Structure formats: structure tokens, C-alpha cells
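I opened the model to look up how its chains are built and where they meet. My notes follow in the order in which I took them.

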Amino acid sequence: MSVLRILIKRNRIWVAISIILSLVANLTNMIYMYYVGELVNKIEERAVVSMAFIVLLAAFILLSVATLFMNQYVGRITAEKMAHTLRIGYASKLIHRSAEQGKECDTAAAMSVAQNELAQSDGYLTNTFFDITGMLFTGILAMAFMFLQNVLLTLVLLIPTLLILIYVGFSSRSLSTIVSAAQDEKRKMNQAGFTTVHAFPAVKIFEGEELCKKAMDERLVSWTKHQTKVGRFAALYNTLSGILSRVPLMLLLLAGGYMVIKGKILMGTLILFLNLQNSLTQAIMNLPNWIAGFKVFTTNLSRIEIEKRG
Amino acid sequence: MNHRVIRILKELGLWKTFVIVMILRSPFDFLNSVLNANMLESFIRLTDQRDGDNLSRTFWIFLLFTLLLFAYNASIWATVAVKTDMMLHRRLRMKLLESMLSRTQQEMEEYSEGDWITRLNSDVDKVADYLTAPINFMHSMIAVVNFVLSSVILIMLNPTLFGVSLFLMIPFFILSSIVIVKNIPKFRKNAQESFARYTNWMEPIIEAGDAITVFDGQDIVLDKVREESEKIMRENVKAHRRTAWSLAVSAASGMTGYLLLLLIGNSMIGTMIKDFAALIKITQYRGRMMMGVMCVNSGINNMKSNLTGVVRVDEILKAETTDPG
Amino acid sequence: MIELRNVTYKYEDHPVFQGISFRVEKGQKVGIVGESGCGKSTLLKLIAGLYTPASGEIIVAGKSAAAEITKKVTVVMQSPMLLPMSIRENITMGHDYPEEWIDMVIDAANIRSWIDTLDKGLDTYLGDRADELSGGQAQRIAIARAICKNAEILLLDEPTSALDGENAACVLEALNRYAADKTVIHVTHRPEHLSGYDRIFSMKAGKLSDETAGVIIYES
């Protein structure tokens, strides 16, 4: 985690702007959804929908789209800046290592880090990191907004969601163990490829092609065994998490339905919750994947040393 | 599917297996859409009719269907799909290694060590990602099935609202997923090439670090590395700007469409639409259509970016087939 | 035994050698000296069949096809180029050799005493790129691999360049003992390693000359 902290610290202005933009974009979207709930109430009451109200909704659509664009763009630039810091930090550390510590560089391990851990962390920062943090942020904000609307209905949604979180927390721990084991196997397999490339002239002279194939096959078998386990666990956890994520929606419809019937809330409020709960359950439903991905990312980062000075 | 990917799958003897997995997985999203739309319709209708007695019975019925549907998906995913994915990795990595080993030293030196390692490792991952990673080809196909079948149901439910939905979806889709994202693969390719050059710079840093230190060359080397890293960032940011535009256009389409459906549907309640619950069902199918389009849109972007790896892998495999030795 | 006839080699359309010819008889020991980057390693790779000439012909032990030539030679390179496998696999490269032959090889490569200290002996796993080995140990495994192939021609490409004086002497002693009845081409920038060689070629400033006979063989 310390590397991640350094990356955030060195790009703190970008990170701060991203957080502010994310907040603004999410709030705009939630207010728009609130007005959609109002529209539903008008439809249910068979009331006239005024032109001014339609213009207001249209204005919020425009505002939502604009803030979404800014949030996406700036957020991804921030992730790119962090990836750049990581790449430069690693190169800088390697260059200064022998002079500073006087220790020999383990070339195979360093090259493997450059090819695997660094490449994967870079890809994760560039492609996934922003989406994950953005979704989690949206989930948290949606929950806060729902609390402001109706505490009881939020609790109906929140309590089963918290149970899912416990399940997800438990399952992701088991998942991360096997993900880590599979990562190690993949690293060994990739290193086998690297040494074959590096020792290619010797392989040709001594006709070691079959030996290299055999060695690679053994490592492939070992990695696929671990990776199959990861795939199966992920399938099971995602499915269970998918089912469990459906339960809060159904409970929301059940409890919300009773509350509408008893006149405690309006249909518009229920529709608002239905629209917002998606942000929450979508975030939770994909949590096992995201946690596994984040674990891989932090495991990769822990293998990368970067220059502490910057 | 890209012709290169088809060629790779055929060469690995996995084409038929992949098609079977795809067929088995394709109905999931659509069946989930049907379940979701009917569930919302039932609950909202019962609520509107003040029928509290049947609410809990409906709850248990839909819970049972949910369990059955997810159990089906899990069994396909955990057995056939995972196995196919692993077979793809194993066969492709071996095939590439064999291709590499069948070359002469001279042919081998056509690419740098870093380039070979990238092809053997991360490019193979890109081929597998193209086919089976989330929001790539497999998800896109599942989304297409969902889109087509949800459209059919929406036409049957209300052709006018289907027309409105389509009118707001297709132009936006063309704009966001074809026009705006057109240059993303080019930017990604540039970024990847810069990353390969960055990795090539790492080689002397790692293997000749002492020499660089002795000759006081740290700053020059670091400047070169920084230059490549900045190129990666610049090209990726160009791609991200396009992605952000694409998402903004999709969001505009989604929000406008939903609002119009509610407003137009409101005027049809009691005539062409039975009640508010039926309108919600229509918005659900429209939402699923939209989700399908967005999934295909993102899938196309991801597939395009993974295609760079596919091209590089295919280049090696093709070279092997043309090599007389 | 080894004959180069009017050989031209180009790297990315840039000629490295043009029209080079010479002949090495069976059992002869030939040294090629020259500074780094003068092309002597490239010449050795051509003789080893790792590179194919752009024009001309290379005949090694009666064979002219690169793939056939490779079968006839054994090489010790600057880097030991070990694989993440056992010592045995690194020596035999996966080929079946009688146990007595492997015993002879480890004696000839002077690694018996070290291998005897390992719990698993020859079956000790070397780890990824064998980074835990000393340079001398790794290079002696590379020599054992070269001896194990038992080819008629031994090609040496700066086999001691990465070693300290003591290790270099030990490696050279093992190589000289094995190479007594072989045809040898030894590329090095240290002429003192070539004492007792039949012919010494010098590669300098674009010229390949036979120092022994005082004849310029090739001038670019």
C-alpha cells in the first residue's frame, strides 16, 4: 500500500480535483433522479406535467452529462498521472539502486517485475482503477442521499446489503489467497518464457527446444490448475453475490410496496430508490471481482520498489 | 469477431468449443431482463392495486426464478467457460513458444528480447481478454442477444415506444461507439508501442546499471525513460478523452430516452398502455436494450484495445505457417 | 574442416563482412582477437550456424546448411545462458546420455566437488536464471553442457570475460583439457588466453589478418 500512498501523494492535486468532480457529478445525477421521482408522482396522480418542469428535467440532463464528462476525463487523467509516476519511480529506483545500496541487481527478477508486475499495475491504473473507485464513491453517495429521503426504506436496502458485504469480505479473503497463488505460478511461467528468450542461442546450439517446451508445459499445467480454481471460485462467488444483490431490490419492492399501500411514501419515492439502489447493488455485485483485482494490483505494487524521493 | 481471432481459435482447435460456450452463455442477460421486468411490473401493479396480500407470494416466486437462473449461469461459467479459457491460454502459449523455437537466431533477432517477452506474456493475455474477459467479446455477444430479444418484446408491448427508444438509441450509439471511439485503437497502439520502448529501456537499466552509474549516465537514461512514459500517458489520455465523450453521449441518450418514455407513456396510460406498472415494464426492457448497447459499445472499445495484442500474436503464428523450415 | 568462402553478412542492410574467406583444418586451434564490437562474435555465430550469410558459403565438418552446422559444433558463450531447470537438465539439455558419460562430463568441467556438496546433486534445481550461482559455477555448468554435446568443433566466445582471475584460470584449464583433440575457434580480446594455439587471427579496424602468417585475410 505504501507505493499507492506515494502515487496518490505525488498527484494529490489531481486526486483532489477528481474527488470534487466525482462528488459534483454524482450529486447532479441524484438531484435529477429526485425530479424523475417527482414526475412519477405526477403520473400516478394523473396530474398535468408543466412545461417548466420538463425544462427543469432537461436542464438537469445537460448538467449531469457535462459533469459526467468532466468526472470521467479528469479522473482518468489522474490515473494516468499515477501510472506515469509509477513507471518513472521504478526506473529511477533501479538506476540509483546499485550506487546507493551497493547491492547486485537480480536481473531476472527486475526484468520480470518490469514485464509483469509493472505492466499489470500500469494497465490496472490506466483502465480499471478509476472505474472501481468511481463506482464505490457513487455507491456511498447514493446511500447517503437515500438516507436523506427515507431512513426506514434505506435500512431495508442497507441491512441485507451489509450482510452481502460481510459475505463478500469473507469470500474475497479466500479468493485473494488463491489469486495470489495463481499469480506466483504465472510469474514463474512468464519467467520460463523470459529465460527461453534470453538463452535462445544456447537452446539452438544444444537443441534444447524439446526441453524448453517440456518446462513451459509443466509450468502451464501448474498455472492453469491454479487459475482454474480462481475461475471457479470467481464464478461461484459472483453468482452468489449476484443472487444476494437481487434480494435487497426484491425486499425494497416488497417493503416499499407495503409503505406505498399504507400511504407512508409515494410511488415516486419508491421509483427514486429503485433507480438509486442500482448504483449500490451494482457496486456490491461486482465487489468480489474488484477486490480480487485490487488485491492483484496491490500484490503487484508490493513487488515494485519506487524511488521514495520525488 | 475479428478475422485474426477466428484464425487463432481455428489454429488452436478451439473454434467449435468457443462457439458452444458462447451459445450456452448467451441467454443469461436476456432471461435476467425478462425476470427483472416482470418482477417490477408485478410488484408495482400489486402496489397500485393495494394488494398487499400477494406481495410476499410474488417475492418468493421471483426469488426462486432468480436462484434457478443464476445457478444455470454459474454451472456454465464454472465448468465449460473456465476450462475453455484455460485451454486457450495453454494452447496459445505453447503454440507461440513452438513458433519461437522453430526460428533461427537470425529470425529471432528481428524482434528485441523485450518485444518477444511482451508477445509471449501480455499479448497472449490480450487475446484471452478479447475473448473472455468481462466486457469484451463474450459479454458483447450476450449483450447483443439481450438487445435483440428485448427489442422483440418491446415491439410486442408497444411499437410506438419501441420506435422512440430506437430513435434515441441508434444515432447516439453510432456517434458514441463508431464516430467518437474510431481513433482509440490508434492511440492505444501508440501507447503500447511506447510501453514496449519503455520496457526496452528497462533492460539496459537493469542489466547495465553499474555501467550507467560509472559513466554518470543516470540523467540521460532517465530522461529517455521519462520521454517514453510521457508518450504513453499522452496517447492514453487521448483515448480517455474519446471514452469520456462516448460515455457522456451514451448517458445523454439514456437519460433523454427514459424521460421521453415516461412523458409519452404517461399520455398513453389507459389507452395503449394498461397502467403505470406496464409503463415501468416497458422502461425496463428499454433500459435493458440500452444496457446491451452500452455493453457492446464498451466491449468494442475493449476489444479494439486488446486487438493490438491479437495482431502481434497473429503475426508470430502467421510467420510460423509461412516459414518453410 | 571449417571453411568460409567469400562470405558476406549484413545486419539491417549494413554489411558487417564482405567476401571473407579462410580455412581451419581439423584439430587446429584458432584464436580470433579484437576489441569489443569489431564483429568477432558475429563471425563466430556465422560459423556456429546461428546466422546465415547473405552470400558465400560456410562449410563446417562437411555441412553447409545452417541447421546442420549447428549440430556439428558446441559453444561456450560469454553468458552461461542457463535455464530455470535442474543442473542435469542444463547440462544434457533434455537429451538422453549414459550416466557414465555425464559423470565424465562433470569431472571434465571441474564441478564434481561443488556438485557433491549439494543435497540433490545433479538434480538440484537452479532457480530462475540461476541468479544464486556464482559466475564461475554458472560458467562451468555451461562448459559441462558444451562438453556433454561432444561435438567435433568447439567454439568459444569470451568464455571467461565475466569471471575473476582465479575462476577464469579454472575455467580455461577445464576447457583446454577437454579441447586437446578438438578443432577450436576461440574469440577473445585477451591474447594471453591463446597460448599454444596454432593460428591467431586479429580483427582490428575493419581488417581480419592472420597474425601467425602475417597475411591480411579480409579488409572492409
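**Entry 1: the core.** I counted as a nonpolar core a set of buried Ala, Val, Leu, Ile, Met, Phe, Trp, Tyr and Cys residues joined through C-beta atoms within 7 Å. For burial I required 20 or more other C-beta atoms within 10 Å of the residue's own; 12 or fewer make a residue exposed, anything in between partly exposed, and the C-beta atoms are placed from the backbone. The model is predicted, so I kept to its thresholds: local features need pLDDT of at least 70, side-chain atom pairs count only at pLDDT 80 or more, and totals for chains, interfaces and linings use all residues. Residues are numbered from 1 along each chain as its sequence is written, and chains are lettered from A and ligands numbered from 1 in the order in which they are written.

Which residues have the most contacts inside the largest nonpolar core? I found C:Ile47, C:Ile143, C:Ala144 and C:Leu155, in a core of 232 residues. Helix H3 (residues 51-101) of chain A gives this core its largest share, 17 residues. Helices here are DSSP runs of H or I with at least four residues, strands are runs of E with at least two, and both are numbered from the N terminus.

I then took up C:Leu155. Setting aside residues up to four places away in sequence, C:Leu155 touches C:Leu44, C:Ile47, C:Ala48, C:Val73, C:Val75 and C:Ile185. A contact requires the C-beta atoms of two residues, placed from the backbone, to lie within 7 Å.

**Entry 2: the sheet of chain C.** I traced an open sheet of three strands in the order E2-E1-E4, with antiparallel pairing. Two strands pair if DSSP finds at least two bridges between them. Strand E2 (14-24) and strand E4 (55-60) of chain C are at the edges with a single partner strand each, so one side of each has no neighbour in the sheet. From one strand to the next, the twist averages 25°. Angles run from 0 to 180 degrees between N-to-C directions, with axes as lines fitted to C-alpha atoms, for helices over the stretch in contact.

Helix H1 (residues 40-47) of chain C packs on the sheet and touches E1, E2 and E4 of chain C. The direction of this helix makes about 120° with that of E1(C).

I went through the pairings in turn. Seven bridges join E1(C) to E2(C), running antiparallel, and C:Glu3 has C:Arg23 in E2(C) as its bridge partner. E1(C) and E2(C) form a hairpin with two residues between them, where C:Glu12 in the turn has a positive phi of about 50°. Strand E1 (residues 2-11) of chain C is also joined to E4(C), antiparallel, by five bridges; there C:Thr8 is partnered by C:Ser55.

**Entry 3: chain A.** I listed ten helices and zero strands. The radius of gyration, taken over C-alpha atoms, is 25 Å, whereas a compact globule of 310 residues would have one near 19 Å; the globule rule is 2.2 Å times the number of residues to the power 0.38. The C-alpha atoms of chain A fill a box of roughly 85 × 40 × 30 Å along the principal axes. Buried residues make up 53% of the 310 in chain A. Of the contacts in chain A between residues at least 6 apart in sequence, 89% join residues at least 24 apart.

I picked out A:Met189, which lies in helix H6 of chain A. Why does A:Met189 count as buried? A:Met189 is buried because 25 other C-beta atoms lie within 10 Å. Beyond neighbours within four places in sequence, A:Met189 is in contact with A:Arg219, A:Leu220 and A:Trp223. A:Met189 and A:Ser222 are 33 residues apart in sequence, with 8.8 Å from C-alpha to C-alpha.

**Entry 4: where chain A meets chain C.** I noted 18 residues from chain A and 20 residues from chain C in the contact. On the chain A side, helix H6 (151-198), helix H7 (200-205) and helix H8 (209-261) each supply at least two residues.

**Entry 5: chain B.** I listed 13 helices and zero strands. Buried residues make up 49% of the 325. In helix H6 (residues 113-120) of chain B, six of the eight residues are buried, among them B:Trp116 and B:Leu120.
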